[in-house]
Amino acid sequence: MLEFTPDQQMIREEAQRFLREQSSSEAIRRVVDTGTSHDAVLWNSISRELGWCAMAIPEEFGGLGLGATEVAILMELTGARLACVPFWSTVCLAAPLLQSAGSEEAKVRYLGAIAAGEMAVTVAYADLSVADPAATVAVKAIRAGGGYRLAGKVAQVIDFEVADVVLVPAGLEDGTTALFALTRDSGQVVTPLKVLDATRSVAALELTLEVSAESRIDDAGVSAEQFQRALTFANLGLAAEQLGAAQGALDVTLAYIAERVQFGRTIASFQAIKHRCAKLVVDVAETRSLVFGAAQGVGTSGAVESALEIAGARVLASDLQFRAAEEAIQLHGGVGFTWEYDPHLYFKRAQASAALLGAREAQLDRIAASVFADGGLK
(Lines give C-alpha, C1' and ligand atoms only; values in the text may rest on other atoms or scores of the structure.)
Protein backbone atom coordinates (compact mmCIF):
# COMPACT_ATOMS: atom_id res chain seq x y z
CA MET A 1 0.00 0.00 0.00
CA LEU A 2 1.34 3.44 -0.97
CA GLU A 3 1.68 5.73 2.03
CA PHE A 4 3.47 9.02 2.60
CA THR A 5 6.00 9.36 5.37
CA PRO A 6 5.14 11.78 8.20
CA ASP A 7 7.49 14.36 6.67
CA GLN A 8 5.93 13.98 3.24
CA GLN A 9 2.46 14.28 4.72
CA MET A 10 3.50 17.46 6.52
CA ILE A 11 4.87 18.91 3.26
CA ARG A 12 1.60 18.04 1.54
CA GLU A 13 -0.65 19.56 4.20
CA GLU A 14 1.34 22.79 4.55
CA ALA A 15 1.64 23.27 0.77
CA GLN A 16 -2.07 22.61 0.33
CA ARG A 17 -2.94 25.21 2.97
CA PHE A 18 -0.55 27.77 1.51
CA LEU A 19 -1.74 27.38 -2.08
CA ARG A 20 -5.39 27.47 -1.06
CA GLU A 21 -4.74 30.94 0.33
CA GLN A 22 -2.23 32.29 -2.18
CA SER A 23 -3.30 30.74 -5.50
CA SER A 24 -7.02 31.40 -5.35
CA SER A 25 -9.28 31.80 -8.35
CA GLU A 26 -8.98 35.57 -7.97
CA ALA A 27 -5.17 35.39 -7.99
CA ILE A 28 -5.16 33.24 -11.13
CA ARG A 29 -7.53 35.60 -12.91
CA ARG A 30 -5.35 38.60 -12.10
CA VAL A 31 -2.58 36.95 -14.10
CA VAL A 32 -4.86 35.77 -16.92
CA ASP A 33 -6.82 39.01 -17.25
CA THR A 34 -3.75 41.26 -17.26
CA GLY A 35 -1.71 39.02 -19.54
CA THR A 36 1.27 38.95 -17.20
CA SER A 37 3.74 36.10 -17.40
CA HIS A 38 3.34 34.80 -13.83
CA ASP A 39 2.35 35.55 -10.26
CA ALA A 40 5.55 37.21 -9.03
CA VAL A 41 4.50 37.35 -5.37
CA LEU A 42 3.58 33.66 -5.32
CA TRP A 43 6.79 32.68 -7.09
CA ASN A 44 8.90 34.65 -4.62
CA SER A 45 7.19 32.87 -1.73
CA ILE A 46 7.57 29.42 -3.29
CA SER A 47 11.16 29.78 -4.43
CA ARG A 48 12.79 31.99 -1.80
CA GLU A 49 10.73 31.75 1.39
CA LEU A 50 9.46 28.17 1.32
CA GLY A 51 12.40 26.57 -0.49
CA TRP A 52 10.32 24.36 -2.76
CA CYS A 53 12.87 24.61 -5.57
CA ALA A 54 15.51 23.07 -3.30
CA MET A 55 13.55 19.86 -2.65
CA ALA A 56 15.26 17.45 -5.06
CA ILE A 57 18.58 19.27 -5.51
CA PRO A 58 21.49 17.46 -3.80
CA GLU A 59 22.73 18.92 -0.55
CA GLU A 60 26.21 19.43 -2.03
CA PHE A 61 24.70 22.08 -4.29
CA GLY A 62 22.68 23.80 -1.59
CA GLY A 63 19.50 21.75 -1.90
CA LEU A 64 17.55 19.67 0.59
CA GLY A 65 18.48 16.36 -1.02
CA LEU A 66 14.95 14.97 -0.99
CA GLY A 67 13.48 12.92 -3.80
CA ALA A 68 11.04 12.67 -6.67
CA THR A 69 8.12 11.94 -4.34
CA GLU A 70 8.41 15.30 -2.59
CA VAL A 71 8.58 17.11 -5.93
CA ALA A 72 5.58 15.15 -7.21
CA ILE A 73 3.61 16.17 -4.11
CA LEU A 74 4.28 19.84 -4.81
CA MET A 75 3.62 19.46 -8.54
CA GLU A 76 0.25 17.85 -7.82
CA LEU A 77 -0.75 20.69 -5.52
CA THR A 78 0.42 23.49 -7.83
CA GLY A 79 -1.53 21.78 -10.61
CA ALA A 80 -4.65 21.62 -8.48
CA ARG A 81 -4.54 25.40 -7.98
CA LEU A 82 -3.30 26.18 -11.54
CA ALA A 83 -0.49 28.13 -9.87
CA CYS A 84 0.93 30.68 -12.32
CA VAL A 85 4.60 30.09 -11.51
CA PRO A 86 7.58 28.60 -13.42
CA PHE A 87 7.84 25.69 -10.99
CA TRP A 88 7.63 22.83 -13.49
CA SER A 89 10.02 24.45 -15.97
CA THR A 90 12.61 25.23 -13.28
CA VAL A 91 12.41 22.17 -11.03
CA CYS A 92 11.33 19.39 -13.41
CA LEU A 93 12.57 20.53 -16.82
CA ALA A 94 15.77 22.50 -16.23
CA ALA A 95 17.21 21.31 -12.90
CA PRO A 96 17.29 17.59 -13.90
CA LEU A 97 19.05 18.50 -17.15
CA LEU A 98 21.65 20.47 -15.20
CA GLN A 99 22.15 17.52 -12.85
CA SER A 100 22.37 15.05 -15.70
CA ALA A 101 24.49 16.95 -18.22
CA GLY A 102 26.00 20.02 -16.57
CA SER A 103 29.64 20.36 -15.64
CA GLU A 104 30.54 20.48 -11.95
CA GLU A 105 31.09 24.22 -12.19
CA ALA A 106 27.67 24.70 -13.83
CA LYS A 107 25.97 22.56 -11.18
CA VAL A 108 27.49 24.60 -8.37
CA ARG A 109 26.52 27.87 -10.03
CA TYR A 110 23.05 27.15 -11.37
CA LEU A 111 21.71 24.44 -9.08
CA GLY A 112 22.81 26.48 -6.10
CA ALA A 113 20.95 29.53 -7.43
CA ILE A 114 17.81 27.46 -8.11
CA ALA A 115 17.91 25.95 -4.63
CA ALA A 116 18.26 29.40 -3.08
CA GLY A 117 15.29 30.68 -5.07
CA GLU A 118 17.45 33.21 -6.86
CA MET A 119 16.88 31.92 -10.38
CA ALA A 120 14.10 30.61 -12.61
CA VAL A 121 15.39 28.44 -15.45
CA THR A 122 13.83 26.86 -18.52
CA VAL A 123 14.97 24.76 -21.50
CA ALA A 124 14.69 25.65 -25.20
CA TYR A 125 14.06 22.19 -26.66
CA ALA A 126 13.50 22.09 -30.41
CA ASP A 127 9.96 20.70 -30.13
CA LEU A 128 8.27 20.23 -26.76
CA SER A 129 5.29 18.48 -28.34
CA VAL A 130 7.17 15.25 -29.14
CA ALA A 131 8.12 12.43 -26.78
CA ASP A 132 11.83 13.00 -27.37
CA PRO A 133 12.32 16.76 -27.82
CA ALA A 134 16.11 16.30 -27.64
CA ALA A 135 16.21 14.04 -30.72
CA THR A 136 16.69 17.08 -32.94
CA VAL A 137 18.20 20.50 -32.35
CA ALA A 138 16.85 23.80 -33.60
CA VAL A 139 19.99 25.78 -32.83
CA LYS A 140 23.43 25.37 -34.39
CA ALA A 141 26.67 26.33 -32.66
CA ILE A 142 29.81 27.23 -34.59
CA ARG A 143 33.12 27.96 -32.92
CA ALA A 144 34.00 31.62 -33.38
CA GLY A 145 37.16 33.05 -31.88
CA GLY A 146 37.21 32.14 -28.22
CA GLY A 147 33.50 31.38 -28.07
CA TYR A 148 30.58 30.25 -30.20
CA ARG A 149 28.10 31.70 -32.66
CA LEU A 150 24.58 30.45 -32.03
CA ALA A 151 21.93 30.57 -34.73
CA GLY A 152 18.45 29.10 -34.88
CA LYS A 153 14.81 29.41 -33.91
CA VAL A 154 12.86 27.63 -31.21
CA ALA A 155 9.12 27.83 -31.79
CA GLN A 156 7.99 27.47 -28.17
CA VAL A 157 9.84 27.94 -24.89
CA ILE A 158 7.83 27.43 -21.71
CA ASP A 159 8.14 30.26 -19.15
CA PHE A 160 10.87 32.09 -21.06
CA GLU A 161 9.44 35.47 -20.07
CA VAL A 162 9.90 34.52 -16.43
CA ALA A 163 13.23 32.69 -16.67
CA ASP A 164 16.48 34.32 -15.64
CA VAL A 165 18.40 31.69 -17.60
CA VAL A 166 17.47 29.51 -20.57
CA LEU A 167 19.32 26.26 -21.32
CA VAL A 168 19.80 25.84 -25.07
CA PRO A 169 20.78 22.48 -26.61
CA ALA A 170 22.75 23.26 -29.77
CA GLY A 171 24.30 21.08 -32.46
CA LEU A 172 28.04 21.43 -33.09
CA GLU A 173 29.72 20.90 -36.45
CA ASP A 174 30.98 17.45 -35.41
CA GLY A 175 27.46 16.23 -34.63
CA THR A 176 27.80 16.61 -30.87
CA THR A 177 25.02 18.29 -28.94
CA ALA A 178 26.27 20.96 -26.55
CA LEU A 179 24.36 22.77 -23.81
CA PHE A 180 24.51 26.54 -23.39
CA ALA A 181 23.20 28.70 -20.56
CA LEU A 182 22.01 32.13 -21.70
CA THR A 183 20.73 34.92 -19.54
CA ARG A 184 17.51 36.66 -20.49
CA ASP A 185 19.41 39.73 -21.73
CA SER A 186 21.93 37.90 -23.94
CA GLY A 187 20.59 39.54 -27.10
CA GLN A 188 18.20 36.89 -28.37
CA VAL A 189 14.93 37.89 -30.04
CA VAL A 190 11.94 36.88 -27.91
CA THR A 191 8.35 36.90 -29.13
CA PRO A 192 5.67 36.26 -26.47
CA LEU A 193 2.96 33.99 -27.86
CA LYS A 194 -0.76 34.15 -27.29
CA VAL A 195 -1.62 30.60 -26.28
CA LEU A 196 -4.71 28.67 -25.20
CA ASP A 197 -3.59 28.24 -21.59
CA ALA A 198 -2.99 31.75 -20.27
CA THR A 199 -1.87 30.42 -16.88
CA ARG A 200 1.51 29.41 -18.37
CA SER A 201 3.55 31.76 -20.55
CA VAL A 202 5.16 30.62 -23.81
CA ALA A 203 7.50 32.52 -26.11
CA ALA A 204 9.29 31.98 -29.42
CA LEU A 205 13.06 32.36 -29.38
CA GLU A 206 15.37 33.42 -32.21
CA LEU A 207 19.14 33.33 -31.80
CA THR A 208 21.81 35.01 -33.90
CA LEU A 209 24.53 35.94 -31.47
CA GLU A 210 28.03 35.21 -30.26
CA VAL A 211 28.54 33.87 -26.75
CA SER A 212 31.60 33.22 -24.63
CA ALA A 213 33.06 29.77 -24.12
CA GLU A 214 31.91 29.97 -20.49
CA SER A 215 28.31 29.90 -21.73
CA ARG A 216 28.77 26.28 -22.68
CA ILE A 217 28.04 24.25 -19.54
CA ASP A 218 28.29 20.59 -20.57
CA ASP A 219 31.28 18.27 -20.38
CA ALA A 220 32.24 17.11 -23.89
CA GLY A 221 28.70 16.98 -25.22
CA VAL A 222 25.34 15.77 -23.97
CA SER A 223 24.39 12.15 -24.67
CA ALA A 224 20.95 10.82 -25.51
CA GLU A 225 20.96 8.97 -22.17
CA GLN A 226 21.60 12.21 -20.27
CA PHE A 227 18.71 13.92 -22.05
CA GLN A 228 16.43 10.95 -21.38
CA ARG A 229 17.22 10.92 -17.66
CA ALA A 230 16.24 14.57 -17.46
CA LEU A 231 13.11 14.11 -19.57
CA THR A 232 11.95 11.18 -17.44
CA PHE A 233 11.85 13.50 -14.43
CA ALA A 234 10.12 16.21 -16.49
CA ASN A 235 7.41 13.71 -17.49
CA LEU A 236 6.93 12.66 -13.89
CA GLY A 237 6.46 16.28 -12.82
CA LEU A 238 4.00 16.87 -15.64
CA ALA A 239 2.00 13.73 -14.78
CA ALA A 240 1.76 14.88 -11.15
CA GLU A 241 0.65 18.34 -12.27
CA GLN A 242 -2.01 16.83 -14.55
CA LEU A 243 -3.23 14.67 -11.67
CA GLY A 244 -3.49 17.76 -9.50
CA ALA A 245 -5.36 19.73 -12.16
CA ALA A 246 -7.87 16.88 -12.42
CA GLN A 247 -8.36 16.97 -8.67
CA GLY A 248 -8.73 20.76 -8.84
CA ALA A 249 -11.41 20.51 -11.51
CA LEU A 250 -13.23 17.91 -9.43
CA ASP A 251 -13.03 20.12 -6.32
CA VAL A 252 -14.49 23.08 -8.24
CA THR A 253 -17.30 20.84 -9.48
CA LEU A 254 -18.11 19.39 -6.07
CA ALA A 255 -18.28 22.87 -4.56
CA TYR A 256 -20.65 24.03 -7.30
CA ILE A 257 -23.06 21.08 -7.22
CA ALA A 258 -23.26 21.34 -3.43
CA GLU A 259 -24.72 24.84 -3.81
CA ARG A 260 -26.73 24.64 -7.05
CA VAL A 261 -30.41 24.01 -6.30
CA GLN A 262 -32.93 22.53 -8.72
CA PHE A 263 -36.40 21.15 -7.95
CA GLY A 264 -35.98 22.18 -4.33
CA ARG A 265 -32.73 20.37 -3.58
CA THR A 266 -29.03 20.59 -4.44
CA ILE A 267 -28.04 18.81 -7.63
CA ALA A 268 -25.35 16.95 -5.65
CA SER A 269 -28.19 14.79 -4.31
CA PHE A 270 -29.17 13.55 -7.81
CA GLN A 271 -28.10 9.96 -8.35
CA ALA A 272 -26.80 10.46 -11.88
CA ILE A 273 -24.51 13.27 -10.74
CA LYS A 274 -23.33 11.24 -7.75
CA HIS A 275 -22.31 8.41 -10.07
CA ARG A 276 -20.33 10.68 -12.38
CA CYS A 277 -18.47 12.28 -9.49
CA ALA A 278 -17.82 8.93 -7.83
CA LYS A 279 -16.26 7.64 -11.06
CA LEU A 280 -13.90 10.62 -11.09
CA VAL A 281 -12.97 10.04 -7.44
CA VAL A 282 -12.02 6.43 -8.23
CA ASP A 283 -10.06 7.46 -11.32
CA VAL A 284 -8.17 10.14 -9.38
CA ALA A 285 -7.20 7.59 -6.72
CA GLU A 286 -6.02 5.12 -9.39
CA THR A 287 -3.93 7.73 -11.17
CA ARG A 288 -2.48 9.05 -7.91
CA SER A 289 -1.31 5.53 -7.02
CA LEU A 290 0.43 5.15 -10.36
CA VAL A 291 2.03 8.59 -10.30
CA PHE A 292 3.43 8.26 -6.79
CA GLY A 293 4.39 4.64 -7.33
CA ALA A 294 6.42 5.82 -10.33
CA ALA A 295 7.89 8.64 -8.24
CA GLN A 296 9.09 6.18 -5.60
CA GLY A 297 10.69 4.12 -8.35
CA VAL A 298 12.89 6.98 -9.58
CA GLY A 299 16.44 6.16 -8.59
CA THR A 300 15.56 2.69 -7.34
CA SER A 301 14.12 1.02 -10.46
CA GLY A 302 16.11 0.66 -13.66
CA ALA A 303 16.11 3.66 -16.01
CA VAL A 304 14.05 1.88 -18.69
CA GLU A 305 11.52 0.49 -16.22
CA SER A 306 11.15 3.87 -14.51
CA ALA A 307 10.65 5.67 -17.83
CA LEU A 308 7.92 3.21 -18.84
CA GLU A 309 6.09 3.54 -15.52
CA ILE A 310 6.13 7.30 -15.91
CA ALA A 311 4.92 6.99 -19.52
CA GLY A 312 1.97 4.98 -18.20
CA ALA A 313 1.33 7.63 -15.58
CA ARG A 314 1.31 10.30 -18.28
CA VAL A 315 -1.34 8.39 -20.25
CA LEU A 316 -3.64 7.99 -17.24
CA ALA A 317 -3.06 11.54 -16.04
CA SER A 318 -3.70 13.09 -19.48
CA ASP A 319 -6.94 11.14 -19.90
CA LEU A 320 -8.05 11.95 -16.37
CA GLN A 321 -7.26 15.65 -16.62
CA PHE A 322 -9.29 16.04 -19.80
CA ARG A 323 -12.21 14.01 -18.45
CA ALA A 324 -12.31 15.92 -15.15
CA ALA A 325 -12.30 19.27 -16.98
CA GLU A 326 -15.00 18.03 -19.37
CA GLU A 327 -17.18 16.86 -16.48
CA ALA A 328 -16.64 20.18 -14.70
CA ILE A 329 -18.05 22.04 -17.70
CA GLN A 330 -21.01 19.69 -18.09
CA LEU A 331 -21.93 19.53 -14.40
CA HIS A 332 -21.81 23.31 -14.13
CA GLY A 333 -24.55 23.37 -16.74
CA GLY A 334 -24.94 26.49 -18.88
CA VAL A 335 -22.53 28.58 -16.82
CA GLY A 336 -19.78 26.00 -17.36
CA PHE A 337 -18.89 27.68 -20.64
CA THR A 338 -18.74 31.21 -19.27
CA TRP A 339 -15.63 33.24 -18.44
CA GLU A 340 -16.82 33.99 -14.91
CA TYR A 341 -16.58 30.34 -13.79
CA ASP A 342 -13.35 28.34 -13.56
CA PRO A 343 -13.97 25.13 -15.58
CA HIS A 344 -12.64 26.69 -18.78
CA LEU A 345 -9.30 27.40 -17.06
CA TYR A 346 -8.93 23.71 -16.21
CA PHE A 347 -10.04 22.65 -19.68
CA LYS A 348 -7.45 24.89 -21.35
CA ARG A 349 -4.70 23.61 -19.07
CA ALA A 350 -5.74 20.04 -19.91
CA GLN A 351 -5.52 20.69 -23.63
CA ALA A 352 -2.14 22.42 -23.35
CA SER A 353 -0.56 19.90 -20.97
CA ALA A 354 -1.63 16.93 -23.07
CA ALA A 355 0.50 18.26 -25.94
CA LEU A 356 3.71 18.51 -23.90
CA LEU A 357 6.47 15.88 -24.15
CA GLY A 358 4.43 13.60 -26.34
CA ALA A 359 0.68 13.09 -26.48
CA ARG A 360 -0.91 9.98 -24.98
CA GLU A 361 -0.52 8.13 -28.30
CA ALA A 362 3.23 8.72 -28.27
CA GLN A 363 3.45 7.47 -24.68
CA LEU A 364 1.45 4.36 -25.59
CA ASP A 365 3.71 3.78 -28.60
CA ARG A 366 6.70 3.95 -26.29
CA ILE A 367 5.23 1.38 -23.93
CA ALA A 368 4.19 -0.90 -26.78
CA ALA A 369 7.61 -0.64 -28.40
CA SER A 370 9.24 -1.79 -25.18
CA VAL A 371 6.78 -4.64 -24.64
CA PHE A 372 7.27 -5.94 -28.17
CA ALA A 373 11.01 -5.12 -28.13
CA ASP A 374 11.17 -3.38 -31.48
CA GLY A 375 13.66 -0.75 -30.41
CA GLY A 376 11.40 2.00 -29.08
CA LEU A 377 10.40 5.30 -30.56
CA LYS A 378 12.18 6.53 -33.65
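**View 1. The largest nonpolar core of this predicted model brings together 91 residues.** The model shown here is a prediction. Within this core, the residues with the most contacts are Trp 52, Phe 87, Trp 88, Leu 97, Tyr 125 and Leu 167. Helix 7, covering residues 224–257, gives the most to the core, with 14 residues. Another core lies apart from this one; it has 20 residues, among them Val 139, Ala 178, Leu 182 and Leu 207.

**View 2. A closer look at Trp 52 and the residues it touches.** Leaving aside residues up to four places away in sequence, Trp 52 touches Ala 15, Phe 18, Leu 19, Ile 46, Leu 74, Thr 78 and Phe 87. Both Trp 52 and Phe 87 are listed among the residues with the most contacts inside the largest nonpolar core.

**View 3. Thr 122 sits in strand 1, which spans residues 121–123.** Is Thr 122 buried or exposed? Its relative accessibility is 0%, so Thr 122 counts as buried. The side chain of Thr 122 reaches the backbone oxygen of Ile 158 at 2.7 Å. Beyond residues up to four places away in sequence, Thr 122 touches Ser 89, Leu 93 and Ala 94, along with Val 157, Ile 158, Asp 159, Phe 160, Ala 163, Val 165, Val 166 and Leu 167.

**View 4. Ala 163 occupies the loop between strand 3 and strand 4 (165–171).** Ala 163 counts as buried because its relative accessibility is 2%. With residues up to four places away in sequence set aside, Ala 163 touches Ala 120, Val 121, Thr 122 and Arg 184. Along the chain, Ala 163 and Val 123 are 40 residues apart, while in space their C-alpha atoms are 9.5 Å apart.

**View 5. Strand 2 (residues 139–144) and strand 3 (residues 147–158) run antiparallel and are joined by 6 bridges.** To find your place in this pairing, look for Ile 142, which stands opposite Arg 149 in strand 3. The hairpin of strand 2 and strand 3 has 2 residues between the strands. In that hairpin, Gly 145 takes a positive phi near 65 degrees.

**View 6. Strand 7 (residues 202–212) pairs with strand 3 in the antiparallel sense, over 10 bridges.** Here Leu 150 stands opposite Leu 209 in strand 7. Strand 6, made of residues 189–192, also pairs with strand 7 in the antiparallel sense, over 4 bridges. A handy landmark in this pairing is Pro 192, which stands opposite Ala 203 in strand 7. As a reminder when following the side chains, in a regular strand they alternate between the two faces of the sheet.

**View 7. Helix 5, residues 87–101, has a kink of about 35 degrees at Ala 94.** The kink lies shortly before the proline Pro 96. How far does helix 5 reach from its first C-alpha to its last? Its 15 residues reach 20 Å, close to the 21 Å expected at 1.5 Å a residue. Because 14 of its 15 residues are buried, helix 5 is largely enclosed by the rest of the structure. Ala 94, where the kink lies, is also one of the residues that Thr 122 touches.

**View 8. Helix 4, residues 68–80, has a span that agrees with expectation.** Helix 4 is mostly covered, with 13 of its 13 residues buried. Just after helix 4 comes Leu 82, which takes a positive phi of about 50 degrees.

**View 9. Ala 220 and Phe 263 are residues other than glycine with a positive phi.** Ala 220 is placed in the loop between strand 7 and helix 7, and its phi is near 60 degrees. With a relative accessibility of 78%, Ala 220 counts as exposed. Where is Phe 263 found? Phe 263 lies in the loop between strand 8 (261–262) and strand 9 (265–266). Its phi is near 55 degrees, and its relative accessible area is 77%, so Phe 263 is exposed.

Note on methods:
Residues numbered from 1 in each chain as written. Predicted model: local features only at pLDDT ≥ 70, side-chain atom pairs only at ≥ 80, totals over all residues. Heavy atoms only, no water. Core = buried A, V, L, I, M, F, W, Y, C linked by side-chain atoms within 4.5 Å. Buried < 20%, exposed > 50% of the residue type's maximum accessible area, 1.4 Å probe, protein only. Contact = heavy atoms within 4.5 Å. Polar contact = N/O pair within 3.5 Å; in protein donor to acceptor, adjacent residues only side chain to side chain. Pairing = 2+ DSSP bridges. Expected span 1.5 Å × (residues − 1). Bend = angle between axes of the 7 residues up to and from the residue.
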